[in-house]
Amino acid sequence: MIKSGAEIIMEGLVREGVETIFGYPGGANMPIYDAMLEFPSVHHVLTRHEQGAAHMADGYARATGKVGVVMATSGPGATNLVTGIGTAMMDSVPMVCITGQVSASAIGGDAFQEMDVTGITLPITKHNFLITEAGELAEVIKEAFYIARSGRPGPVLIDVCKNAQIEEVEYIVPAELEMPGYQPPNHASDEQMAHAAELIANAKQPVILAGHGVLKSGAMDQLLNFASKTQTPIAMTLLGLGAIPASHVLSLGMMGMHGEACANNAIQKADLLLAFGMRFDDRVTGNLRTYAPRARKIHVEIDPSEVGKNVAADVALIGDLKTVLSDIDPIIPPIDHEEWLDQIAEWKADTKRRDILSWPDDGKLYAAHIVRDLWGATGGEAMLTTDVGQHQMWAAQYYQMERPYRFLTSGGAGTMGYGLPSAIGAWFGDKDRNVWTIVGDGGFQMTMPELGTAIQEGANVKIAILNNGFLGMVRQWQDLFYDKRYSAVQIASPDFTMIAAAYGIPARRITSRDEVEEAIAFANNTPGPVLLEFTVEQEDNVFPMVPAGAALDGMIRRPIWKKQRAKRNE
């Protein structure tokens with residue numbers, strides 16, 4: 001059968017099960033968009049900016065477990081994807097990005113909108129391709145999806161010259177893939193498994209560090225079984241939240257710079273760390289020289305390059321986490337750590353005493369209260385996305401995740417502007433799900449035009465803007481470490497409710513705690529996108545906080561209310 005390169009691209013996408021594409025047309029990818037009209041099973045979402053399209057594909061992938069697909073034209077269209085591709089790469093999100101490129105004969109001649117997209121994206125993709133002939137496309141589409149979703153997932157880019165989109169060739173359905181040079185590991189070695197089992201059996205104060213790899217591998221049941229059998233508490237990374245229910249007795253909550261004090265204390269006192277699908281990011285470890293000084297380390301990881309990169313492992317179990325935990329279960333006996341868990345319970349009680357939720361009402365609207373009210377109003381069942389900053393940390397701390405795949409946020413890259421577009425992408429993944437995005441007044445303005453996408457598509461996405469008039473996290477650092485010398489952090493915002501109205505989106509502004517519950521109910525009961533702007537306390541800080549260069553347990557903590565009140569009265 002004779003098909004054009006553009007038709008082969010679309011045929012390949014359909015064969016991979018693609019139902020939704022996020023993107024933006026232009027001169028160099030116009031043949032693909034023309035061919036798209038012949039494939040009505042594929043819905044194209046026209047975004048307002050290519051970065052928004054990339055974040056939508058990312059959100060779709062995280063919410064569904066499928067590969068997200070994004071398209072852009074050459075030159076600035078392709079480079080506008082870069083932030084979204086980097087975000088997906090850092091967080092191991094499977095995406096296929098298809099960009100248009102000038103004709104092969106024009107490459108190197110500085111043609112209109114010509115840029116070296118494969119060169120630009122080489123460091124931030126799992127793999128990329130430059131296609132100069134239509135005959136390459138059928139195999140490459142299949143390879144791209146396989147690479148994106150297998151092993152440690154990640155983004156793959158296909159840069160397609162315009163002549164390859166137009167050329168007609170015989171289309172042959174690709175056979176099963178054979179990629180002998182790419183074999184993601186599955187089972188860890190028996191020798192290393194036996195060594196790990198010995199360390200686990202002898203540990204007195206173990207802690208599991210559950211990362212994004214738990215969710216990527218689908219190893220939630222195996223994790224909970226292992227933790228329950230060995231009575232080992234679990235601390236989670238930001239992207240690992242939901243790996244076990246937040247309410248579980250073995251949950252320590254989030255670890256790291258803004259993690260729970262009980263989690264950080266437990267890590268520092270541990271004699272064994274079991275790192276499951278996490279990479280010892282600096283926001284998790286604090287000062288590496290003082291990190292978990294007494295602990296042996298077992299690192300279970302599918303990507304060998306992550307093992308020993310930041311923290312040396314005593315035992316490395318290279319393989320798929322779900323498989324490794326299933327394999328090790330028969331050789332691990334039931335273990336009791338009652339004394340260790342009693343100590344952790346004391347730390348948890350101290351954390352609860354310091355929690356801002358235990359403070360009496362002082363008439364101010366705090367972000368933490370809004371997040372907890374949203375958690376209560378949605379039964380903890382919403383799909384939640386965020387931007388990056390203080391609101392992201394409050395969301396992680398106070399919207400307790402009882403299920404996996406419900407918290408979508410930019411972890412490794414820390415991308416402001418991620419919240420709104422990723423929520424739209426997540427909604428496309430499951431249109432019956434309640435989707436909320438919590439954003440700051442700074443990050444929201446970076447991708448605010450995607451309100452147009454939300455209203456055009458009728459996306460049932462609810463937007464909670466926590467407006468404190470600052471770039472809040474930068475202001476917090478300037479407050480605590482730069483003697484309150486605020487530099488370039490006060491940000492003016494438009495009237496967000498009027499912006500929403502201009503798009504035809506219902507909106508409200510909330511200024512007091514007693515308005516919060518009714519406003520959330522209004523949003524939940526109104527079809528389509530709804531925007532709520534919360535005018536929150538301007539100079540509230542996120543606690544706990546591990547200062548840069550400090551040990552993980554060297555946290556700045558929120559004072560207990562009674563002590564603070566007594567100090568004020570002196």
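A residue is called buried when its relative accessible area is under 20%, exposed when it is over 50%, and partly exposed in between (1.4 Å probe, protein chains only). Strands here are DSSP runs of E with at least two residues, and helices are runs of H or I with at least four, both numbered from the N terminus. This is a predicted model, in which local features need pLDDT of at least 70 and side-chain atom pairs count only at pLDDT 80 or more, while totals for chains, interfaces and linings use all residues. Residues are numbered from 1 along each chain as its sequence is written, and side-chain values use heavy atoms, without hydrogens and water.

Start at strand β13, residues 296-301. Of its 6 residues, 5 are buried, so β13 is largely enclosed by the rest of the structure. Two strands pair if DSSP finds at least two bridges between them. Strand β12 (residues 272-276) runs parallel to β13 and is joined to it by 5 bridges; L272 has R296 as its bridge partner.

Next come the aromatic rings. Rings of Phe, Tyr and Trp (its six-membered ring) pair if their centres lie within 6.5 Å; planes under 30 degrees apart count as stacked, over 60 as edge-to-face and the rest as tilted. The whole structure holds 10 aromatic pairs. F470 is buried because its relative accessibility is 6%, whereas Y486, at 26%, counts as partly exposed.
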